[in-house]
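I opened this entry to keep track of what I looked up, item by item. The notes follow the order in which I checked things.

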Amino acid sequence: MPNNRIKRKSRDWLSEGLDTECNAPTELIQQWSPCHQHQQLLSKDKENEGKFILARRSRRRKQSKLGISWNHLPDELLLAIFFYLPLQDLLRISVVSKRWHRLVFDECLWHSVDLEGLTHMGPALQQVLKTGVRRLRCPRAFVEELHFTVPVPLQIVQLDLSSSIIPTSALECIICHCRQLEYLSLESQQISDKIINSLAMNTNLLQLNLSGCSRFSAPALADMLKSCSSIEQLNISWCGFNNDHVKSVVYNLSSRVTHLNLSGYRENLTLNDLKVLVDRCPQIQTLDLSDSTLLMADSFHVFKHLKCLLHLSLSRCYNIHLAALSNLGKMVPTLCLLDVFGLIQDNHLPSLKKEMPHISINSRPFSSVARPTPTSWFIGSPSGRIMWSRMCRLRFTL
């Protein structure tokens, strides 16, 4: 009997609610909300005092035992916490929520990134470029085709793509979006005139490393050097130049240059080219003319016009004889470092050092002109991950 009474009362209550004229969806939702049902039950209690009525008890909100939820923290505080996370952990937490994904890719966290040695990193590189990164280190990496569609210029100031395997079209896609480059290394890349013309748009360029690059023309190189009049360090060695390329350099290089590597041009660099270079760039401190086989001892009279010359490399300039080297220290009194690898045998080196005691001879086998990472540091060491005297904050570790 009690069960039949409960069922009958429930049917009467339900039919009463459905017979109402409140047919709008929002009104129906409000009508069947827990709060509204609780008010109805209270009114029924007064009408049915002493009768048994079933009712659902309202749920109590559970209070967080930790005090404050992560969702209540402001964006500024979360960004300050995320700043201390390594790259892998930063990427992992980006899937927590849409808000965290937005904060993880905020440009303030991606100021400097190191992606050395990664493979098949086309999509990853594209995502990093979109974050507004300003310092990007990516040497010895493999990049497939890149379809970069962002119309606005990139924010990159320092970029190292040395010895990476990257298609020319993908490299064009990146460089053509750059307007703020100050430090750039494209060592051993195949670059087109389109890339050289895009570099001309970066008028604040200070250091440029194109060592071992190829496939660009002499006129494009001349126009770029005219436009980039702020260059202080230029490494343009071993690019497979002919004499037209060499003349494009010596006749258009900025007078502000202090470090120049113009080695590897054998019979394409003449004494007249050297005279033009010294006359236009009198502030040179480091000069590498190694493997210029046309240079002879008469070039020493040209070097004496470089009043700031500290480091001179004449390695494998085979027409310069050993007996003439001792006169070089007298003609260039500022000289501190001299590299003449291939011109002198080891058993003759002590006697030459005795004649030139204030000059360090053959102490720098590799050139560091405009290179982002000093060649004296081996790959994989912590110091070897430095890019232009600074390390990147986000580093991908294998």
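I began with Arg-385, which lies in the loop between β11 (360-361) and β12. I note that the model is a predicted one. Is Arg-385 buried or exposed? Its relative accessibility is 16%, so Arg-385 counts as buried, the cut-off for that being under 20%.

I then looked at what the side chain of Arg-385 touches. A polar contact of 3.1 Å joins it to the side chain of Asp-114. The two side chains also meet in a salt bridge, at 3.1 Å from N to O. This pair links distant parts of the chain, with Asp-114 in strand β1 and Arg-385 in the loop between β11 and β12, 271 residues apart. For Asp-114 I noted a relative accessible area of 0%, so Asp-114 is buried.

**Salt bridges**

How many salt bridges does a search of the whole structure find? The search finds twelve.

Glu-187 is in the loop between β4 and α9 (193-199) and Arg-371 is in the loop between β11 and β12, so the pair ties together parts 184 residues apart in sequence. With a relative accessible area of 14%, Glu-187 is buried.

**Aromatic rings**

I turned to the rings next. A pair of aromatic rings is described by the distance of the centres and the angle of the planes. A search of the whole structure finds eight aromatic pairs. One of them is Phe-105 with Trp-110, a stacked pair with 5.6 Å from centre to centre and 5 degrees between the planes. Trp-110 has a relative accessible area of 2%, so I listed Trp-110 as buried.

Another pair is Tyr-183 with Trp-388, which is tilted, at 5.4 Å centre to centre and 50 degrees between the planes. Which parts of the chain does this pair tie together? Tyr-183 lies in strand β4 (residues 183-185) and Trp-388 in the loop between β12 (386-387) and β13 (390-391), so the parts are 205 residues apart in sequence. Tyr-183 and Trp-388 are both buried.

I found one aromatic cluster formed by Trp-70, Phe-82 and Trp-100. I also noted that the charged end of Arg-393 sits over the ring of Phe-83, 4.2 Å from the ring centre.

**A surface patch and a buried loop residue**

Trp-70 came up again with Leu-77 and Ile-81, in a nonpolar surface patch of about 280 Å². I placed Leu-77 in helix α4 (residues 75-82). At 39% relative accessibility, Leu-77 counts as partly exposed.

My last item was Ile-320, in the loop between β9 (311-313) and α14 (322-331). Its relative accessibility is 3%, so Ile-320 counts as buried. Ile-320 and Ala-297 are 23 residues apart in sequence, and their C-alpha atoms are 5.4 Å apart in space.

Technical notes: Residues are numbered from 1 along each chain as its sequence is written. This is a predicted model: local features need pLDDT of at least 70, side-chain atom pairs count only at pLDDT 80 or more; totals for chains, interfaces and linings use all residues. Side-chain values use heavy atoms; hydrogens and water are left out. Rings of Phe, Tyr and Trp (its six-membered ring) pair if their centres lie within 6.5 Å; planes under 30 degrees apart count as stacked, over 60 as edge-to-face and the rest as tilted. Buried means under 20% relative accessible area, exposed over 50%, partly exposed in between (1.4 Å probe, protein chains only). Helices (H or I, at least four residues) and strands (E, at least two) are DSSP runs, numbered from the N terminus. A charge sits over a ring if NZ of Lys or CZ of Arg is within 6 Å of the ring centre and within 35 degrees of the ring normal. Patches are made of residues with over 30% relative accessible area and no salt bridge: like charges are joined within 9 Å, nonpolar side chains (Val, Leu, Ile, Met, Phe, Trp, Tyr) within 5 Å. Accessible areas come from the Shrake-Rupley method with a 1.4 Å probe; for residues, only the protein chains shown count as cover. A salt bridge is a side-chain nitrogen of Lys or Arg within 4 Å of a carboxyl oxygen of Asp or Glu. A polar contact is a pair of N or O atoms within 3.5 Å; within protein, one must be able to donate a hydrogen and the other to accept it, and residues adjacent in sequence count only if both atoms are side-chain atoms.
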